[in-house]
Structure formats: structure tokens, C-alpha cells
Amino acid sequence: MEKKRILEEGLLEQYLTGELSMENQLMVEKALNEDKSLKEHFDQLEADFEKMAFEQAIEPPIGVKAALVHKLEKSPAKQVQWGPLWVAAGFALLFGVATFWMYGQWQNAERSLKSLQEQTVNLKERMDALESDYILTSSQLKDINGPHVIPLVLYGNQKSPGAKLVAYVDHNRKMVMVNSQGLPPLPASKTYQMWSDVEGEMINMGTLSPKEELIPLKYIEKAESLNITIEPAGGNDHPTVEELISNVII
Amino acid sequence: MGTDFRDIQLIERLTNGDKAALYQLYDKYSGALYGVILRMCQNEAEAQDLLQETFIKIWTNISKYDATKGRFYTWAYRIARNTTLNSLRSKNDLIQNDDLGVYDTKAVEENEPEDILLKGSLQKLEPHHQKAIALVYYQGYTHQEAHEAMGVPLGTFKSYVRQALKQLRKTYANEMIWLWFIFETMA
């Protein structure tokens, strides 16, 4: 419909010279964009128009170009529109700084979170250890505070006069626990070892580390006495009688 | 078909502020544009100033040129035409002319100087077709002004223009065939 009107009313010829109203100009441009055959028609019109212009050309005097060159070369270089470029650069810079700051914040948050997680894990481990210690201590306290527990104190002889050890024996529960905090320290090559005397035979109950609050040891049936000797590190199969430092009758 | 590839390259350079590109476009199109401007204002000194002004406007406004909408020459022609019409209107204002149209009071020139007479294929057109083309394309008349100047209805005037352009197209096509024939014969 528009194409027909454009062709019949010679609007393309008027569009060519730029004499159309803005409304008609936009209508023609829209039609040219949408209608390939109309565009081809206009292209041909433009080509003929240009050909006609070259045919009708009149060479201007050489001085016109010289004057144009003189005028342009005197004028400052074509002004680049810096305004919008500066605004765009400003926004880009702002965006860059904001991004950098956000990245920094994010990294800090990551670090804080990691640190918090580590602290949480650490705290949990400590809490578990404390809980475990508490359970153990409670259990041990319960063990040594039982109604059938017999506390026995072993004092050191002339070989180790300052030594002291407390043993808790419960025959009902067949349990022996000792507090070795009162034993003097030994060289690394030596250890304390505890023995039960059963009908004249010394039975190994286990080695002792000094400074420990409660050490469970092997309960030996029908033990008549408890004995402590100093043995080579790692313990001995048979007691070194010469190194006996303490004993107590049960 | 649109602006040729070499022109597109020159326009791209021009957009980037390359004055040498403008001088090359001047070399190519100044004759065609000067032909239009001189025929419109019929004063050589003024036409030369207007041609220079046209190219300065091309230099400063090249970023507004859209190659998808038409050829560079068409865009430059509109600048030349409007620059010249504005100059003629200013002169009319100075002599207290109340009329808004540029040519309303100006008689269509019958005795033009030799160098600004239309030439080439246009001369082969019938006189009323030749006149119609001259008025709208080389004297800056609008279609409205031109049909009044010729004393024919607007519709008739528009068909004069269409027929004239159709005739020109035939002439150019024939010229192309002859050129092709000559080249083929020479080859």
C-alpha cells in the first residue's frame, strides 16, 4: 500500500533531494527497509542521479580546494567528543573500583569464614577431648570411690626414700588403678614396674609412668602383696629384686 | 547498490578525523556538487564559497552519514542544496522579501550562461522533461515550487520528473551497452 503510494506520488524523487516532511521521510525509510524491490528501485534512482551529477559536473577553480585545505589545516584537529568518553571512562573506572572492592570484601569474608570454620572444628575437637577426659575422669573417680575399693599406699624404701604411690584395688570388680604422681623421675633407660606376689611368684602387672594420676593395671588373682621395682625401659619379664623400692601387703 | 567500497573506506577514515580522506572525496565529488551549487546560485564567487562551506559541513557532520540509507553523493548533494538554499534565503531576507520560498519571485532563467547550461544526456530529453529535472535537481526548487513555476499541475509535474528519469536510465543503459560493445571489439 505504502509502496504504491510512494511510487505513484513520486515520493522517492522527493526523498532523494531531502524535501520530504519528517513524517513522509520516516515512512519512506521504513518502506525502503522492508521492501527489497522498492529499495532496488531507489538504488537505481540514486545511481542514475549520481551519473547525471557527474555528467553535469563543473570543475571548480583550483583555489577552492586550496582555500578548503588552508581553512581546515588552520583549524584545530577535528574535536573528538571527549564528554561522553569521559563519562563512559568514569563509569568504567567506578565499576572497576567497585568490583575490586567487592572482590576484596569477598576474599575477606572467605578468609573470615575459613578461620571461623577452623576455630569451630578446633573448639569441637577440644570439647570432644574435654568430654572424653571428663567421662574418663568420672569413670575413674567412680572406680576408685566404689564401696569395695581398698586404697593402699606404697612408700619408697632406702633405695628411693621420697617415692610414694597409691594403689586402688577392687576385688569385686577385679580392678587395680594406681596414682604414680609421687614417684621420682627416672633416666630414660629405666622404668618402674609393678608386680603381684602370688604364692612366692612375682607376676607382672605392668609398667608405670611417673606423674600420672590414674593408671589401670592388670588385676592378679590371689595376690598377697604389691611390689615396685626399677627395670630397664620397656619392662622386664622377671623382677630385679635388688631394685625393689616399695611393697605393701594386701 | 550503494556507496562504493573505496568511498566507504574514505568515509571511515574521514570519520576518524583524516583530512586527507576529505580531500580525496573533494577530488571525486566537488565537480558534481559545484555543478549543482553554481546552477542554483548562478554566481561563481558565491558558489565557490558555498562549495567550501559544503565540504566543511561534510567534515564536521560525517558521523551523521548513514551508508545504509543512501549513497554518499546523495547525502552530500542534500548538504550542498540546503547550504545554497539557506544562503539564497539570507540574501532574500536582506532585501526585505516577505516570501518564504526561495524562488517564488524569481523568474525561471531563460538565458543562462553557457557553462551552466545542462549538458550530456539531459540535452537529449524533451524540453519539458529537461526543465523539470533542471528545476528540482539543479535549481533547488521543491516539487511544489517547480510545478507552479512551470504552470502545470503537481501530478503532471511529478510524471514529467519520472518520465525524464526513466528516459535517462534508458540512455545510460544504452551507453553501457555501447561501452561494452567497444571494449569487446577492442579486446
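**Helix packing, chain contact and strands**

Q: How do the axes of helix 1 (residues 5-15) of chain B and helix 2 (residues 19-41) of chain B cross, and what is the resulting relation of the two helices?
A: The axes, which are lines fitted to C-alpha atoms over the stretch in contact, with angles running from 0 to 180 degrees between N-to-C directions, come within 7 Å and cross at roughly 140°. That angle makes helix 1 of chain B stand to helix 2 of chain B in a relation called oblique, where under 35 degrees counts as roughly parallel, over 145 as roughly antiparallel, 65 to 115 as roughly perpendicular and the rest as oblique. The helices themselves are DSSP runs of H or I with at least four residues, and strands are runs of E with at least two, numbered from the N terminus. The relation asked for is therefore oblique.

Q: What pLDDT do local features need in this model?
A: Residues are numbered from 1 along each chain as its sequence is written, while chains are lettered from A and ligands numbered from 1 in the order in which they are written. The model is predicted, so totals for chains, interfaces and linings use all residues, side-chain atom pairs count only at pLDDT 80 or more, and local features need pLDDT of at least 70.

Q: Which residues of helix 2 of chain B meet helix 1 of chain B?
A: Helix 1 of chain B passes helix 2 of chain B in a left-handed crossing, a term used if the near helix is turned anticlockwise from the far one by less than a right angle, with right-handed used if clockwise. Contact here requires C-beta atoms, placed from the backbone, to lie within 7 Å. Leu10(B), Arg13(B) and Leu14(B) of helix 1 of chain B meet, in helix 2 of chain B, Ala21(B), Leu22(B), Gln24(B) and Leu25(B).

Q: What is the hand of the crossing of helix 5 of chain B and helix 6 of chain B?
A: Helix 5 (residues 127-138) of chain B and helix 6 (residues 143-150) of chain B have axes 9 Å apart and pack at an angle of about 140°, and they are therefore oblique to each other. On the side of helix 5 of chain B the contact is made by Lys131(B), Ala132(B), Leu135(B) and Val136(B), and on the side of helix 6 of chain B by His143(B), Ala146(B), Ala149(B) and Met150(B). The contact of these two helices has six nonpolar, one polar and one charged residues, where Ala, Val, Leu, Ile, Met, Phe, Trp, Tyr, Cys and Pro count as nonpolar, Asp, Glu, Lys and Arg as charged, and the others, Gly among them, as polar. The crossing is right-handed.

Q: Which helix of chain B gives the most residues to the side that touches chain A?
A: The contact takes 47 residues from chain B and 36 residues from chain A. At least two residues of the side of chain B that touches chain A come from each of helix 2, helix 3 (44-61), helix 4 (72-94), helix 5 and helix 7 (154-186) of chain B. By class, that side divides into 23 nonpolar, 14 polar and 10 charged residues. With 10 residues, the element that gives the most is helix 2 of chain B.

Q: How far apart do the end C-alpha atoms of residues 85-104 of chain A lie?
A: An unreviewed UniProt entry lists residues 85-104 of chain A as "transmembrane region"; such annotations, given in the numbering used here with feature names shortened, may be inferred rather than shown by experiment. In the model the span is 100% helix and 0% strand, and its end C-alpha atoms lie apart by 28 Å.

Q: Which strands stand at the edges of the open sheet of chain A?
A: The sheet has four strands in the order 5-4-7-8, with antiparallel pairing, two strands being paired if DSSP finds at least two bridges between them. Each edge strand has a single partner strand, so one side of each is left without a neighbour in the sheet, and these are strand 5 (201-208) and strand 8 (244-249) of chain A.

Q: Which residue in the hairpin of strand 4 of chain A and strand 5 of chain A takes a positive phi?
A: Strand 4 (residues 190-198) of chain A is joined to strand 7 (residues 225-232) of chain A by eight bridges, and seven bridges pair strand 4 of chain A with strand 5 of chain A in the antiparallel sense. Within the latter pair, Ser196(A) stands opposite Ile203(A). The hairpin has two residues between the strands, and the residue with a positive phi near 50° is Glu199(A).

Methods: Contact = placed C-beta atoms within 7 Å.
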